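Biologist: I'd like to learn how to read a protein model, one feature at a time. Could you walk me through this one?

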Amino acid sequence: MKMMQRIMSNIFFTTGLMMGFLSFRCILDSNLSMDRPGLQHAHGESNSSADESSQTTRILCWIMTEPKNLESRTKHIKETWAKRCNIVLYMSSVETDFPTVQLNVSEGRENLYWKTIRAFQYIYQHHLDEADWFLKADDDTFVVVENLRYLLSKYDTEKPLYLGRRFSPFIRQGYMSGGAGYVLSKEALRRFIKGFDTGECVHFSNIEDMALGKCMETMKVEPVDSRDVRGRQTFHPFPPDQYLIKQLPRSRPWFLTYDYYTPVENPIERLWDESERRLRARPSLPTSVCDLTNALLEEW
């Protein structure tokens with residue numbers, strides 16, 4: 001019995017070391033599966049349903065960037081996840097052959113909200129009817145567009161909706177974190193533009209995400225709960241180590257006190273618990289790292 005306990009302890013310790021690799025492998029496999037017929041979508045729907053969703057849910061992605069970041073950051077977005085957007089625009093203070101769209105705004109954190117306002121005005125004028133949803137992301141953001149498209153496919157873009165990582169301070173209904181990226185429906189974009197045309201919305205703060213959230217509230221745009229069916233966040237404003245690495249007992253860090261919904265620290269621990277439950281429910285327990293890898297891939 002003690003021997004079995006030691007084996008299981010070693011196996012689950014090894015799981016922690018391997019999950020990074022396994023997660024990366026799963027990501028690669030899921031990306032490859034998008035182009036292979038007959039496979040199931042990650043959310044359990046048929047491949048034809050996923051294809052239909054991809055065809056009907058059009059996403060315009062606009063990236064807030066600047067000249068000094070084009071080579072160090074933005075080009076990596078262009079070469080990876082941006083290819084999966086229906087339309088992608090790179091918003092900057094200058095026009096380049098990258099290509100970037102020149103906005104009449106100077107660079108600097110003090111101008112982020114002006115840059116956001118001008119970007120949405122440009123999109124409204126030139127691309128309103130070419131997309132259903134409008135994603136704003138910074139040039140250090142990574143987006144799994146297939147998952148975003150699946151999330152958005154459940155909602156009506158003709159309703160005033162606004163999705164992202166919902167923060168609670170300062171605005172009564174909360175606002176979406178700029179660092180995590182946020183999405184406006186077509187009707188939300190219309191109302192945002194109308195707000196500045198009528199003077200109902202004004203540039204009152206340099207804090208881009210909070211100020212935009214105030215305009216959303218003023219224009220009666222509804223913030224959507226973008227968590228998944230298990231209550232897990234789907235938009236993340238900080239690097240993975242802020243969420244995945246187990247922390248020693250401490251006061252709740254500031255970035256979790258901002259969450260509109262009660263945060264769950266170390267969400268990866270849920271994965272360990274669920275993995276152990278599923279493995280123990282199998283007819284036979286894995287006895288080697290190879291067996292463990294195969295069992296985890298079968299269960300997940």
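Predicted model: local features only at pLDDT ≥ 70, side-chain atom pairs only at ≥ 80, totals over all residues.

Biologist: Okay, in what order do the strands of the open sheet come?

Modeller: Read across the sheet and you get β3-β2-β1-β4-β8-β5-β9. That's 7 strands, and the pairing is mixed.

Biologist: Which are the edge strands?

Modeller: β3 (101-102) and β9 (222-223), since each of them pairs on one side only.

Biologist: How many helices and strands does the chain have?

Modeller: It has 11 helices and 9 strands. The chain has 300 residues, and 45% of them count as buried. Take the contacts with a separation of 6 or more: 70% of them come from residues 24 or more positions apart.

Biologist: Next up, disulfides. What's the general idea?

Modeller: A disulfide is a covalent bond between the sulfur atoms of two cysteines. To find them in a model, look for cysteine sulfur atoms within 2.5 Å of each other. By this rule the count here is 2. One is between cysteine 61 and cysteine 85, with the sulfur atoms 2.0 Å apart. Cysteine 61 belongs to strand β1, while cysteine 85 is in the loop between α3 (70-79) and β2 (87-92), so the pair links distant parts of the chain, 24 residues apart.

Biologist: Are those two cysteines buried or exposed?

Modeller: Buried counts as under 20% relative accessible area. Cysteine 61 has 0%, so it is buried, and cysteine 85 is buried as well, with 9%.

Biologist: Where is the other disulfide?

Modeller: That one joins cysteine 201 to cysteine 215, S to S 2.1 Å. Cysteine 201 sits in the loop between α6 (186-198) and α7 (208-218), and cysteine 215 is in helix α7, so the link ties together parts 14 residues apart in sequence. Cysteine 201 is buried at 5% relative accessible area, and cysteine 215 is buried at 2%.

Biologist: Now the rings. How do I tell how two of them are arranged?

Modeller: Look at the angle between their planes: over 60 degrees counts as edge-to-face. The structure holds 7 aromatic pairs. In one of them, the rings of tryptophan 62 and phenylalanine 120 have centres 5.5 Å apart and planes at 85 degrees, so this pair is edge-to-face. The partners come from distant parts of the chain, 58 residues apart: tryptophan 62 in strand β1 (residues 59-64) and phenylalanine 120 in helix α4 (residues 112-127). Tryptophan 62 is buried, with a relative accessible area of 0%, and phenylalanine 120 is buried at 0% too.

Biologist: Which residues form one aromatic cluster?

Modeller: Trp62, Tyr113, Phe120, Phe192 and Phe196.

Biologist: What does a charge over a ring look like?

Modeller: Find lysine 78: its charged end sits over the ring of phenylalanine 98, 4.5 Å from the centre. Arginine 166 lies over the face of tyrosine 260, 3.6 Å from the ring centre.

Biologist: Let's finish with one residue. What is threonine 116 in contact with?

Modeller: Threonine 116 is in helix α4, and it is buried at 0% relative accessible area. Setting aside neighbours within four places in sequence, threonine 116 is in contact with Trp62, Met64, Tyr182, Glu208 and Leu212.

Conventions. Residues numbered from 1 in each chain as written. Heavy atoms only, no water. Phe/Tyr/Trp six-rings, centres within 6.5 Å; stacked < 30°, edge-to-face > 60°. Helix = DSSP H or I, 4+ residues; strand = E, 2+ residues; numbered from the N terminus. Buried < 20%, exposed > 50% of the residue type's maximum accessible area, 1.4 Å probe, protein only. Lys NZ or Arg CZ within 6 Å of the ring centre and 35° of its normal. Contact = heavy atoms within 4.5 Å. Pairing = 2+ DSSP bridges.
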